[in-house]
Amino acid sequence: RHKWLVMKSCFRLGLVWQGLMHDLSKYSPVEFFMGVKYYQGDRSPNNAEREAKGYTTAWLHHKGRNKHHLEYWLDYGLHGEGIVGMPMPTKYVVEMFCDRVAASKNYNRGSYHDGMPLEYYKKGKAGMLLHPDTKELLERLLTMLAEEGEEATFNYIKKEILKKYQE
């Protein structure tokens, strides 16, 4: 269901290839079998695997193969500042946005509202790891979704964000 929701959003924004390819690594043995073993339906199986083992083989595999995850873009800074976020290409920030919206819809069936993806983002530590430009764009989109709704946000992404990316 999650992949279907992301795919629909990506298609709606003209990101057809990304919609088709989104999270295909989940069908690899390491991710698929851990997903089956730890599936609960109301949260990520990665959290259950992490609680059981102290780490998650599925997530370690997944984040290194899917460019819409901020963790894919972590690297050592050039000036000795340790691990920092690298700037993400716009199309992957938009896919990350779609992924967060789909996850919120999936995990909050029946009670979802457009503020949930922003609320979830604020609870997490993602902002600390994101490159400032990536953080600004993601937060702008999540805030717009919360304040103006899905239709307005998707129109803005198509007309303003992806238009600039394609130029």
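## The second largest pocket

In this predicted model, the second largest pocket holds about 210 Å³ of space. It is lined by 14 residues, and those closest to its centre are Gln-18, Met-21, Lys-67, Tyr-92 and Glu-95.

Helix 2 (16–21) and helix 6 each supply at least two residues of this lining. By type, the lining of the second largest pocket divides into 4 nonpolar, 5 polar and 5 charged residues.

## The largest pocket

Now for the largest pocket, which has a volume of about 1,700 Å³. Its lining has 46 residues, with Lys-26, Ser-44, Asn-46, Ala-103 and Tyr-107 the closest to the centre. Several elements give two or more residues to this lining, among them helix 1 (2–12), helix 3 (29–38) and helix 4 (45–53).

Which helix gives the most to the lining of the largest pocket? That is helix 6, with 7 residues. The lining as a whole is made up of 18 nonpolar, 13 polar and 15 charged residues.

Helix 2 and helix 3 are the elements that give two or more residues to the patch, and helix 2 gives the most, with 4 residues.

Leu-24 sits in the loop between helix 2 and helix 3. Is Leu-24 buried or partly exposed? Its relative accessible area is 35%, so Leu-24 counts as partly exposed.

Definitions and conventions:
Residues numbered from 1 in each chain as written. Predicted model: local features only at pLDDT ≥ 70, side-chain atom pairs only at ≥ 80, totals over all residues. Heavy atoms only, no water. 1 Å grid on protein atoms, 1.4 Å probe; cavity = no way out; pocket = protein on both sides within 12 Å on 5 of 7 lines; lining within 4 Å. Points joined across faces, edges and corners; volume = space filled by probe spheres on them. Nonpolar A, V, L, I, M, F, W, Y, C, P; charged D, E, K, R; others polar. Buried < 20%, exposed > 50% of the residue type's maximum accessible area, 1.4 Å probe, protein only.
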